Amino acid sequence: MKLNNPKIKDDFQKQLQTFRALLKGSVMAKLSCFILIIVSLKIIYLSRDQTLEVVLLCIGILGLAYYMVKYLSLKGIKQKSYTQTSLISSITTFKSYIKKRKKYEMYFMSFWMLSLLPFAISFLESKGQAILVMICYIAAVSFFGNLAYKKMDKIIEGLESELELASYI
């Protein structure tokens, strides 16, 4: 399909900009996961005398690293230039990527939080308080994550319908 009509070109640029914003958000998720790994390494340094805490934190780091490599990789989605057809294909791939990421995110975040539990107990000096903080953190991440995924799903659906409509013009 030729993009000779200026209106169609403007719409395509807007769609492309929206898709690139979604990609930036996914890069930020990967960066956030990397920051959690750095936080864990700092905690390992602080509790280097406590073998159990260090071992559990190392296991938590391995879990986050696996999640980051397996589910936060944007391979095959980023392209240097886009056409309408390649953008549709990239959006479909991105949608599949989001679906897998959404499915496993809370499992890995909860796993990481559980690896922090011994440190939190020693830091807060109260098991109940540490467990409450963990539950609140997991609930907040789950709530705000679901809101973000719902918003992202709406944006993706909008992009798909706009591109589908544009392909008929």
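Select leucine 87. Beyond its neighbours within four places in sequence, leucine 87 contacts Phe12, Gln15, Leu16, Phe19, Tyr82 and Leu163 (contact: heavy atoms within 4.5 Å).

Before going on, note that this is a predicted model: local features need pLDDT of at least 70, side-chain atom pairs count only at pLDDT 80 or more, and totals for chains, interfaces and linings use all residues. Residues are numbered from 1 along each chain as its sequence is written, and side-chain values use heavy atoms, with hydrogens and water left out.

**The core**

With Leu87, they have the most contacts inside the largest nonpolar core, a set of 42 residues. Such a core joins buried Ala, Val, Leu, Ile, Met, Phe, Trp, Tyr and Cys residues through side-chain atoms within 4.5 Å. H1, H2 (51–71), H3 and H4 (127–168) each supply at least two residues of this core. H3 gives the largest share, 13 residues. Helices here are DSSP runs (H or I, at least four residues), numbered from the N terminus.

**Salt bridges**

The whole structure holds 3 salt bridges (a side-chain nitrogen of Lys or Arg within 4 Å of a carboxyl oxygen of Asp or Glu).

- Select lysine 95 and glutamate 160: N to O is 3.2 Å. This pair joins H3 to H4 across 65 residues. Lysine 95 is partly exposed at 41%, and glutamate 160 is partly exposed at 26%.
- Select arginine 101 and glutamate 105: N to O is 3.9 Å. Both lie in H3, 4 residues apart, about one turn of the helix.
- Select lysine 102 and aspartate 153: N to O is 3.5 Å. Lysine 102 sits in H3 and aspartate 153 in H4, 51 residues apart.

The exposure classes use relative accessible area: buried is under 20%, exposed over 50%, partly exposed in between (1.4 Å probe, protein chains only).

**The end of H3**

Move along H3 (residues 84–124) to leucine 117. The helix bends there by about 40°, and proline 118 follows within four residues. The bend is the angle between axes fitted to the seven residues ending there and the seven starting there. After H3 comes glutamate 125, with a positive phi near 60°.

Finish on H1 (residues 6–46) at phenylalanine 34. Phenylalanine 34 is partly exposed, at 42%.
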